[in-house]
Amino acid sequence: MKKIILLLITFYRKFISPLKPPSCRFSPTCSAYTYEAVSRFGSLKGLYLGFRRILRCHPFNPGGNDPVPEKFEFFIKNNTQKNKGSAKN
């Protein structure tokens, strides 16, 4: 299953993506991100991470550098909660 998904992503990147204007707000692109996530974590977890990344692609998200996490986590951790505890008054 993993090989089939990686082949489909490769097909998309070689044949479909060049037909569209570049509009990705993230680095790496969503297809590269999903390819790496599937390679690292397997089909289900990798596709989940890729789908979650695509859902973040909207005009209100600033984008930027967003690498595949080193460790799989089902939920996105909110960085603001981490910083609240370390803020000194």
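1. Ser-31 counts as buried, because its relative accessibility is 14%, where buried means under 20% relative accessible area, exposed over 50% and partly exposed in between (1.4 Å probe, protein chains only). The residue belongs to helix H2, residues 30-41; helices (H or I, at least four residues) and strands (E, at least two) are DSSP runs, numbered from the N terminus. Apart from its neighbours within four places in sequence, Ser-31 is in contact with Ile-9, Tyr-12 and Arg-13, contact meaning heavy atoms within 4.5 Å.

2. On the basis of the note: this is a predicted model, in which local features need pLDDT of at least 70 and side-chain atom pairs count only at pLDDT 80 or more, while totals for chains, interfaces and linings use all residues. Residues are numbered from 1 along each chain as its sequence is written, and side-chain values use heavy atoms, with hydrogens and water left out.

3. Phe-11, Phe-15 and Ile-16 form a nonpolar surface patch with about 300 Å² of accessible area together. Phe-15 lies in helix H1, residues 2-16. Patches are made of residues with over 30% relative accessible area and no salt bridge, like charges being joined within 9 Å and nonpolar side chains (Val, Leu, Ile, Met, Phe, Trp, Tyr) within 5 Å. The areas come from the Shrake-Rupley method with a 1.4 Å probe, and for residues only the protein chains shown count as cover.

4. A salt bridge is a side-chain nitrogen of Lys or Arg within 4 Å of a carboxyl oxygen of Asp or Glu; by this rule there are four. One of them joins Glu-36 and Arg-40 at 2.5 Å, N to O. These two residues are separated by about one helical turn, because they are four residues apart in helix H2. Glu-36 is partly exposed at 31% relative accessibility, and Arg-40 is partly exposed at 37%.

5. Arg-53 and Asp-66 form a salt bridge at 3.5 Å, N to O. This pair links distant parts of the chain, 13 residues apart: Arg-53 is in helix H3 (residues 43-55), and Asp-66 is in the loop between strand E2 (64-65) and helix H4 (79-86). Arg-53 is buried, with 0% relative accessibility, and Asp-66 is buried at 17%.

6. Asp-66 also meets Arg-56 in a salt bridge of 2.3 Å, N to O. Arg-56 lies in the loop between H3 and E2 and Asp-66 in the loop between E2 and H4, so the pair ties together parts that are 10 residues apart in sequence. Arg-56 counts as buried at 19% relative accessibility. Separately, salt bridges with shared partners join Glu-36, Arg-40 and Glu-70 into one network.
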